[in-house]
Amino acid sequence: QVQLVESGGGLVNPGESLRLSCAASGDTINIFRMAWYRQAPGKQRDLVAETSAIGTTDYADSVQGRFIISRDNAKNTVSLQMNNLKPEDTAVYSCYARSGTPARYIEYWGQGALVIVSS
């Protein structure tokens, strides 16, 4: 079992920055992918950014160049630095981890952190 706990959500003005963090605990040794997803009101949950165990990253087009995902394998944490935030970034952001092997894995989700971008 893996537990994921997010922190760092809140209310910010457009153009400001915010950093989300996710701490993984439990059976973390087999985690090979971590990511951030978000779900805006009335919309489906979408991938924001992801990182592999070897540090490769990928981003949604809507956040490319503004958000940075980083992972600390020693501390079992993954962070999302969000810069130049826009009102359309308002959503519940959830940390995600995939554990096992690419052919057979278990998915874990954090409880979610609310980010509101509004003036």
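Biologist: What makes E9 and strand E10 (residues 104-109) count as a pair?

Modeller: Two strands pair if DSSP finds at least two bridges between them. E9 and E10 share 6 bridges, in the antiparallel sense, so they meet that rule. One example of a bridge is Tyr-96, whose partner in E10 is Trp-109. A hairpin of 2 residues joins E9 to E10.

Biologist: Before we go on, what kind of model is this?

Modeller: This is a predicted model, in which local features need pLDDT of at least 70 and side-chain atom pairs count only at pLDDT 80 or more, while totals for chains, interfaces and linings use all residues. Residues are numbered from 1 along each chain as its sequence is written, and side-chain values use heavy atoms, with hydrogens and water left out.

Biologist: How many helices and strands does the protein have, and what makes a run count as one?

Modeller: The protein has 0 helices and 11 strands. Both are DSSP runs numbered from the N terminus: helices are H or I with at least four residues, strands are E with at least two.

Biologist: Why is E9 described as enclosed or open?

Modeller: Buried means under 20% relative accessible area, exposed means over 50%, and partly exposed lies in between (1.4 Å probe, protein chains only). In E9, 8 of the 11 residues are buried, so the strand is largely enclosed by the rest of the structure. Strand E8 (residues 77-82) is also largely enclosed, because 5 of its 6 residues are buried.

Biologist: Which strands does E8 join by bridges?

Modeller: E3 is joined to E8 by 6 antiparallel bridges, and Leu-18 has Met-82 as its partner. Strand E7 (residues 67-72) is joined to E8 by 6 antiparallel bridges too, and Asp-72 stands opposite Thr-77.

Biologist: Are its cysteines buried or exposed?

Modeller: Cys-22 has a relative accessible area of 1% and is buried. Cys-95, at 0%, is buried as well.

Biologist: What is the radius of gyration of the protein, and how does it compare with a compact globule?

Modeller: The radius is taken over C-alpha atoms, and the globule rule is 2.2 Å times the number of residues to the power 0.38. For 119 residues a compact globule would have a value near 14 Å; the protein has 14 Å, which agrees. Its C-alpha atoms fill a box of roughly 45 × 25 × 25 Å along the principal axes.

Biologist: What share of the 119 residues is buried?

Modeller: Buried residues make up 42% of them.
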